[in-house]
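Take a moment to turn the model around on your screen. Then read on with the sequence at hand.

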Amino acid sequence: MNFDNILSEINGFGKFQIRLVLIQMLSRISMPCHFLLNNFMAAVPSHHCDLGVFDDGDIFGNLTLDQKLAVGIPAEQGGTPSSCLMFSEPQYQHLSGSNSTENALIVQCQNGWVYDNSTFKSTVVTEWDLVCSKKGMSKATATIFFIGVMCGAPLFGFLSDRFGRRPLLLVSYVSSMVFAMLSAFSTSYVMFAIMRFFTGMSYAGISIVSVVLNIEWFGIEHRTFSGIIISLDWTLGNWLLAGIAYCVNEWRMLILAATSPLLLAIIAWRWLPESARWLMANGKADAAHHYIMMCAKMNNRTKFMDDITPKALLESTEADGGDNKYSFVDLFRTSDIRKLAICSGIVWFGVAFTYYGICLNITGFGLNPYLTQFMFASIEMPMKICVYFFLEKIGRRPGEIWAMLLTGLCLFINIFITKDKWVIRTVVGVLGKAMSEASFTIMYLFTTELYPTVVRQNGLGYTSFLARLGVSVSPLIMLLEDVWQLLPAVTYCAVALGTGLVASRLPETLNTQLPEFIKDLEKPRVKRTRKEQVQ
């Protein structure tokens, strides 16, 4: 008695599944708010050295701001005032048109910095002066968060495969909210970094467990649609982030506002069902029957439940060998699942590395950061509609391959477009973002279909670990600009193209039954025609 056959009888996409998606949406829309929060929370506003040390109550105090900058700050090659250097003494000769600085001593900022607060009232950068020699620390805030996600992914994957999807979601909700609130009230950079690490670790649970719980309740014929619908939560969250960041420009309040949807998610958790597929695979037949009956009642399909009893479910599970306990070691136990784990891990690393390389560089296109964030979010909706039809007609593997290759192509083109042509750069960048988003959407659905039920959370935890490893490295790649200005773009481009090639080694899963056990990977994947799916 295969669970996919049961779902086809009780409706694999009805009121029960819609309610499940809507409840999970409350927590999932807060994910991009935190995953991309660094674009606003750690934004680096225009700044220059504080020249208060020159104010002697005489000549300097009577100068205008432009004049103070002229006599106190050396100019860079483009003519703009330096952000990190100042003269040791005022160069009043600059007021008469002389730009001679031969005898002037240039030093590092001696008394802190003055920031432009016109766009951001405060950020973690202005809070702890993470500029100049400390500029790497501002990039590190994103890396620290994603290292937390990287560590949390395998942990929550293992725990949810062992104890179930539902209880681990509650743990994720509560811990994410607690650590996010603590980070908002941090009194030092070290405390903030530690709290962001644990926030990322907690959000990893929401990220991977919620996807699997949704997918495991959808029938074969609706899995593609469910994957796209679930991914729309990310689009809504992106829009939400743009709106929240525009209205709340103080970083502490911004964190609290971005976390607020989790309060509703905790309240709504009581109506979340456990995965009946997981319950069956773990021999919990009575609980599985309870949730299957709940699904059948809500979808008005109770007449099909006469032959589905706890005893029948238990016998089916025992016949398939469902009493074994599984761990991450099982992802490399046989040659088939080992190949799957290696290839899917590499693809996930490349997808996440490239996606966040684009998303965390919204200031690189010459537009207002709020507008860029809104444009990036807006392109996702039409792209995901196109992805749905592509996946339904052609398949997951070609979709992933072409999405990554086209992402690499857009990044390659932008290497040769100068920053003064910001309109062209933005158009190509938005297209690259759309392709990268498509690859992310496809890969989430693809991965849940590739791994057997008994190790699905372990598999998603493992791939999410490698994905977050890519994300953790991605923000730091921008520091390579000091070596060669084009090196970050070349790196992102090369990784995207290589990932597209590795994706060609994954098996196709369109219209196939989800494997329940590792031994199922050794068999040809069972495909079902449209006629079989609707019967």
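Here is a walk through this structure, from the whole chain down to single residues.

First, some ground rules: this is a predicted model, in which local features need pLDDT of at least 70 and side-chain atom pairs count only at pLDDT 80 or more, while totals for chains, interfaces and linings use all residues. Residues are numbered from 1 along each chain as its sequence is written, and side-chain values use heavy atoms, with hydrogens and water left out.

Let's start with the big picture. The protein chain holds 23 helices and four strands. Helices (H or I, at least four residues) and strands (E, at least two) are DSSP runs, numbered from the N terminus. The C-alpha trace spans about 95 × 45 × 35 Å along its principal axes. A compact globule of 535 residues would have a radius of gyration near 24 Å, and the 26 Å of the protein chain agrees with that. (That radius is taken over C-alpha atoms, and the globule rule is 2.2 Å times the number of residues to the power 0.38.)

How much of the chain is buried? Buried residues make up 56% of the 535 residues. Here, buried means under 20% relative accessible area, exposed means over 50%, and partly exposed is in between, using a 1.4 Å probe and protein chains only. The protein chain exposes about 22,100 Å², and carbon and sulfur atoms supply 63% of that area. Accessible areas come from the Shrake-Rupley method with a 1.4 Å probe; for residues, only the protein chains shown count as cover. As for contacts (heavy atoms within 4.5 Å), take those between residues at least 6 apart in sequence: 80% of them join residues at least 24 apart.

Now go to the start of the chain. Helix 1, residues 3-10, is mostly covered, with six of its eight residues buried: F3, D4, I6, L7, S8 and I10. N11 isn't a glycine, yet its phi is positive, near 80 degrees. Why point that out? Because most residues other than glycine have a negative phi. D129 is another non-glycine with a positive phi, about 50 degrees. You'll find D129 in the loop between helix 6 (124-128) and helix 7 (135-163). With 25% relative accessibility, D129 counts as partly exposed.

Next, look for the rings. Rings of Phe, Tyr and Trp (its six-membered ring) pair if their centres lie within 6.5 Å; planes under 30 degrees apart count as stacked, over 60 as edge-to-face and the rest as tilted. By that rule there are 30 aromatic pairs. One of them joins F40 and Y370, which are stacked at 5.4 Å centre to centre, with 5 degrees between the planes. F40 lies in helix 4 (residues 38-41) and Y370 in helix 17 (residues 369-378), so this pair ties together parts that are 330 residues apart in sequence. Both F40 and Y370 are buried; F40 has 2% relative accessibility. There is also one aromatic cluster formed by F35, F145, F146, Y203, W234, W348, Y355, Y356, F440 and Y444.

Finally, let's visit some buried residues inside helices. S176 lies in helix 8 (residues 165-184) and is buried, at 0% relative accessibility. A polar atom of its side chain lies 3.5 Å from the backbone oxygen of S202. Beyond neighbours within four places in sequence, S176 is in contact with T199, S202, Y203, I206 and L262.

T407, in helix 19 (residues 396-415), also has 0% relative accessibility and counts as buried. A polar atom of the T407 side chain lies 3.1 Å from the backbone nitrogen of S436. Leaving out neighbours within four places in sequence, the contacts of T407 include T354, I358 and A496.

Then there's T235 in helix 10 (residues 223-247), buried at 0% relative accessibility. Not counting residues up to four places away in sequence, T235 touches A377, E380, M381 and K384. T235 and M381 are 146 residues apart along the chain, but their C-alpha atoms are separated by 6.9 Å.

Technical notes
Polar contact = N/O pair within 3.5 Å; in protein donor to acceptor, adjacent residues only side chain to side chain.
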